[in-house]
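Here is a short note for a colleague opening this model for the first time. Please read the points in order, with the structure in view.

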Amino acid sequence: GVGKTFAGRHRPSYLSLAAFGESAEREGRKSFPSGHSSATFAGMTFLSLWLASKIGAFMPSGGDFWKTVVTASPMVVALIVAISRARDYKHNYSDIVAGAVIGFASALICYFSLFPSLHDENCALPLVRRGSSESSSSAEGAPAVTPLIRKEKPLPDV
């Protein structure tokens, strides 16, 4: 991307890539930040937060060990990808950490713009499904839910 080209930091394998020609040498100057780490941490952090909301891992009644394991398991995948980038001489550790921070921060911003706090009793329910106001309620006394997709009236037979 543009950020990698602007940073122009050399990959650990830069010298071996430079021997293969100009396009490989250009690719060897695109080390910072790690795109794989950024994308993986963004996806796996969002998944971890979503799983935590669905199983109630951070609710006062929650706190079981298995919930912690389920919630943390996607982050293990992100760590494996990040470590593989260093082991394969594609990135320096600072490239990986920068990518991980970018991905983690992006996931937090995206998740909490769509869902409430993990301590909220309705944490598994997206904000758009919670209704337009907290004061409106249905006949049973439950909060009103605004459907994401409106059902249209069926077309008459012709």
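Is S37 buried or exposed?

1. **S37.** The answer is buried: S37 has a relative accessible area of 0%. Buried means under 20% relative accessible area, exposed means over 50%, and partly exposed lies in between (1.4 Å probe, protein chains only). S37 lies in helix α4. Leaving aside neighbours within four places in sequence, S37 is in contact with A82, R85, I96, G99 and A100. Contact here means heavy atoms within 4.5 Å.

2. **Basis of the note.** This is a predicted model, in which local features need pLDDT of at least 70, side-chain atom pairs count only at pLDDT 80 or more, and totals for chains, interfaces and linings use all residues. Residues are numbered from 1 along each chain as its sequence is written, and side-chain values use heavy atoms, with hydrogens and water left out.

3. **Overall make-up.** The chain has six helices and zero strands. From the N terminus on, the elements run α-α-α-α-α-α. Helices (H or I, at least four residues) and strands (E, at least two) are DSSP runs, numbered from the N terminus. The chain has 158 residues, and 29% of them are buried.

4. **Surface and contacts.** The accessible surface of the chain comes to about 10600 Å². Carbon and sulfur atoms hold 65% of that surface. The areas come from the Shrake-Rupley method with a 1.4 Å probe; for residues, only the protein chains shown count as cover. Take the contacts between residues at least 6 apart in sequence: 56% of them join residues at least 24 apart.

5. **Helix α5.** This helix covers residues 65–87, which is 23 residues. From first C-alpha to last, α5 reaches 32 Å, close to the 33 Å expected at 1.5 Å a residue. The expected span is 1.5 Å times one less than the number of residues. There is a kink of about 35 degrees at A72, shortly before the proline P74. The bend at a residue is the angle between axes fitted to the seven residues ending there and the seven starting there.

6. **What α5 packs against.** The buried residues of α5 are K67, T71, P74, M75, A78, A82, R85 and A86. They pack against α4 (35–55) and α6 (93–114). T40 shows the α4 side of this picture: T40 is placed in helix α4. At 17% relative accessibility, T40 counts as buried. Not counting residues up to four places away in sequence, T40 touches V77, A78 and V81.

7. **Helix α6.** Why does the span of α6 agree with its 22 residues? At 1.5 Å a residue they should span 32 Å, and the end C-alpha atoms are 32 Å apart, so the two agree. The buried residues of α6 are D95, I96, A98, G99, A100, G103, A107 and Y111. They pack against α4 and α5.

8. **Aromatic pairs.** Rings of Phe, Tyr and Trp (its six-membered ring) pair if their centres lie within 6.5 Å; planes under 30 degrees apart count as stacked, over 60 as edge-to-face and the rest as tilted. By this rule there are three aromatic pairs. The rings of F46 and Y111 have centres 5.3 Å apart and planes at 70 degrees, so this pair is edge-to-face. F46 in helix α4 and Y111 in helix α6 are 65 residues apart, and the pair links distant parts of the chain. Y111 is buried, at a relative accessible area of 0%. The rings of Y111 and F115 have centres 4.7 Å apart and planes at 15 degrees, so this pair is stacked. F115 is buried, as is Y111.

9. F46, Y111, F112 and F115 form one aromatic cluster. F46 is partly exposed, with a relative accessible area of 26%. L108 lies in helix α6. L108 is partly exposed too, with a relative accessible area of 29%. The C-alpha atoms of L108 and F46 are separated by 7.1 Å, although the residues are 62 apart along the chain.

10. **Cysteines.** How many disulfides does a search of the whole structure find? The search finds zero. A disulfide is a pair of cysteine sulfur atoms within 2.5 Å. C110 is partly exposed, at 40% relative accessible area. C123, at 4% relative accessibility, counts as buried.
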